[in-house]
Amino acid sequence: MAKRELSPAEWLCKAENYCAAAERCRGEVSAKLQQWGAPVAIHANILRALEERGFLDAERYCRAFVHDKILFQGWGRIKVRMALRQKGLPSQAIEDGMSAVDDEAYSAVLRQVAAKKKGANREQLARFLLQRGFSYDEIKAVLSLE
């Protein structure tokens, strides 16, 4: 039995439900619409409607992404910024999200991530922290404290 075609309003409702579950950016919603098989002709209208209704907000998404990746995943600013750029978000929204990071909390995360690598020598630890997106100056400051 063949599936019935969804109307544009039903596609919008489906996209709203997807956005209501977690913060999403335009790229994620666009990819999901494509994956679901929504007609390409209605993608732009759905994305516009989601923005108008407050389901999509680049600044809000960036703030949430930065907060979660730094505090919960232990990423550094460099890695977070690169991930947001790959998602195609506006530079101003990225910078606004990055400016919301508390420097003391960020330093605490860096120390926690470094402490997890107890058996590593200084070179291995520095390489690990660079891969996590911390700057060399931040790493140097932490390594000199230990």
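## Two helix pairs

Helix H1 (residues 8-21) and helix H3 (residues 43-52) have axes that come within 10 Å and cross at roughly 50°. That angle makes H1 oblique to H3. Angles under 35 degrees count as roughly parallel, over 145 as roughly antiparallel, 65 to 115 as roughly perpendicular and the rest as oblique. H1 passes H3 in a right-handed crossing.

This is a predicted model: local features need pLDDT of at least 70, side-chain atom pairs count only at pLDDT 80 or more, and totals for chains, interfaces and linings use all residues. Residues are numbered from 1 along each chain as its sequence is written, and side-chain values use heavy atoms, with hydrogens and water left out.

From H1, Trp11, Leu12, Ala15, Glu16 and Cys19 meet Ile46, Ala49 and Leu50 of H3. Contact means heavy atoms within 4.5 Å. By class, the H1 contact with H3 has seven nonpolar, no polar and one charged residues.

The second pair is H4 and H6. Helix H4 (residues 58-71) packs against helix H6 (residues 91-99) at an angle of about 40°, with the axes 8 Å apart. H4 is therefore oblique to H6. The crossing of H4 and H6 is right-handed. Ala58, Glu59, Cys62, Arg63 and Val66 of H4 make the contact with Ala93, Ile94, Asp96, Gly97 and Met98 of H6. The residues of this contact divide into six nonpolar, one polar and three charged. Ala, Val, Leu, Ile, Met, Phe, Trp, Tyr, Cys and Pro count as nonpolar, Asp, Glu, Lys and Arg as charged, and the others, Gly among them, as polar.

| Pair | Angle | Axes |
|---|---|---|
| H1 and H3 | roughly 50° | within 10 Å |
| H4 and H6 | about 40° | 8 Å apart |

Conventions: Axes fitted to C-alpha atoms, helices over the stretch in contact; angles between N-to-C directions. Helix = DSSP H or I, 4+ residues; strand = E, 2+ residues; numbered from the N terminus. Left-handed = near helix turned anticlockwise from the far one by under 90°.
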